[in-house]
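Open the model in your viewer and keep the selection panel at hand.

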Amino acid sequence: MSRRHPLRRFPSALMAWRNLGRNRVRTALATLGILIGVVAIASLGMATAAIQQQATANLEGLSNEVTVSAGPDNPNDGISAEQVDDIERLAGDATVVPERSNVTTLSARNGAETRVRVTALTKADTMYNISRGRISNRFRSGALLSQADARRLGIEIGDPVTYDGKLYRIQGILSSSQGLGGQRRVLVLPLSAMSDQNYYDSVTVLAEPGQSVEALTADIESSFNTADEDIIRVRNFASVQQNVGSFLGTLRLGLLGIGSISLVVASVAILNVMLMSTVERRGEIGVLRAVGITRGEVLRMILTEAVFLGVIGGVLGVVVSAGIGVVLFEFLVGSPLNAFRWQSVQYLLYGMVFAVAASSISGLYPAWKAANERPVEALRD
Amino acid sequence: MSVIVLEDAIKRYQTGGEVIEALASVNFRADRGEMVTIIGPSGSGKSTLLNMIGLLDTPTAGRVRLNGRDVTDFSTDELTEERRSDIGFVFQDYHLLPMLTATENVELPTMWDTEVDRRDRAVELLNRVGLSDRLTHKPPQLSGGQRQRVAIARALVNEPDVLLADEPTGNLDQDTGATILDELTRLKESENIAIVAVTHDEQLVEYSDRIVELVDGSINT
């Protein structure tokens, strides 16, 4: 007694499987087409997810900031101490950091020079992260320098820098990533370094969790400005975040569109393969019809072949894309396992669904054509 | 009662502006246990007649009866069902599916009937045609005579009332042809079926109970 094939209960599947096995090269190439389409969709989708995650992480540091600077109608050349008091009153629990800024040239012992922005403030610890050294919480002495400049000038912790004729010792080196709006090249000094300036160049309000940045912005703005007088300028990064968000959305759609094109190409390839193989098997399908296989059964058999191509290509494509996703997330975000969060893993699902849908649609016409061929004509030649 | 009856069957084809009459008012019948052979020169309408008997084609005019039922006006799907349940086909070129084993080829006509398992009958039929040691072989591994015997087993798997054979010995040598014809004669009696064959083969004519000669679409009596 011969062993029964496991697919015996699903005759369309059994026949489709056997038929695909007849021309392995053709099957492999059709599968490869689908695989590439799925990889295109899934990896482009996952790439945008990775970029999105990275951008969100960067913007998160800025999302609680409100920046106040002098407006065009301000009588003074900056924000006055009284205005800072007003802002502090309005800000409630939020941390208010007024700062003065300037530009200077730093020179190293070896003669290298670099121009940097100088900012003088208190509470430096609320504004900056350091990679080495420390920030004293009062920040009355010492200085912080951005990593790029420290490297360029060969400055180490404890080395002195000169600003306006006064020496400051470097206490800490800022970490290189300060978010999208972070200062890339800056020398941070205590507020006293610019005590000759009467006004502050900007005031940063750091909202506490739960405090609405939008409301804070509106409060500050309305208490200083009138309809036709802009005493101060108030900015927050919520709108930046929104813009970046909508840009990434557009980017994602564009990339997915490109990915879908490759899947459309792949499904045309399947259409071609299925048409060719049904034309080749014309006589055979005629025999099936003659011996009593119905049109519906022939249709299902051929459609199943196309779906198998889609499923095999889709599964392989998903496996390859998952690998690509892990690599992408490793490089863009730094945590490869984030590739398996829904935000990015959803694109594997879309790729799979697209693959099966595209191949089924491509199989429809060849299947219909083969099923409706009159057996008499198919058997004649 | 005759298994299959054609009454005044006419078949006309439209080719270009011309109407060709392939069959002109043909009356035909085949009974259980007999082998009827249709002979005639090529172009005489033999294939058209066989297609009509096999419910693969419908007449332009006239009636077709299968087991007493008028099936002339059956739909495509109804005719397919009739072929599946009552008719077996044997072709000159065997027409086996190369990717299926001998047993699976025999099961083919009933493969989609998942509720009935014809595996045992398929194996039994292959035993009967002397292929018990070729059950899992695929057609390319079989000789012409073996393939035709698989095809005969396939034609019988649905327990048909009529078996149609289109040049069943056409691709076989004399001896193999004789074995196949012996086989058919035996099955005709053991299964009590009507066999309708179309041939040029003199040898096959010798095995026939009745000869029908077609000339220009008409039966020569």
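Select B:Phe89 and B:Leu164: in this predicted model, B:Phe89 stands opposite B:Leu164, which belongs to β7(B).

Strands of a sheet pair through backbone hydrogen bonds, either parallel or antiparallel.

Next, show the whole sheet in chain B. Six strands form an open sheet with mixed pairing, in the order β6-β7-β8-β3-β9-β10. Which strands stand at the edges? They are β6 (87-90) and β10 (218-220) of chain B; each has a single partner strand, so one side of each is left without a neighbour in the sheet. From one strand to the next, the twist averages 25°.

Move to chain A and select residues 258-373. UniProt, in an unreviewed entry, lists this span as "domain: ABC3 transporter permease C-terminal". The span is 86% helix and 0% strand, and its end C-alpha atoms lie 37 Å apart.

Last, display the contact between the chains, which takes 21 residues from chain A and 23 residues from chain B. On the side of chain A that touches chain B, at least two residues each come from α1 (11-22), α8 (282-290), α9 (295-332) and α11 (375-380) of chain A. Colour that side by class: seven residues are nonpolar, six polar and eight charged.

How values were computed:
Residues numbered from 1 in each chain as written. Chains lettered and ligands numbered in written order. Predicted model: local features only at pLDDT ≥ 70, side-chain atom pairs only at ≥ 80, totals over all residues. UniProt positions renumbered as here; feature names shortened; annotations may be inferred. Helix = DSSP H or I, 4+ residues; strand = E, 2+ residues; numbered from the N terminus. Contact = placed C-beta atoms within 7 Å. Nonpolar A, V, L, I, M, F, W, Y, C, P; charged D, E, K, R; others polar. Pairing = 2+ DSSP bridges. Axes fitted to C-alpha atoms, helices over the stretch in contact; angles between N-to-C directions.
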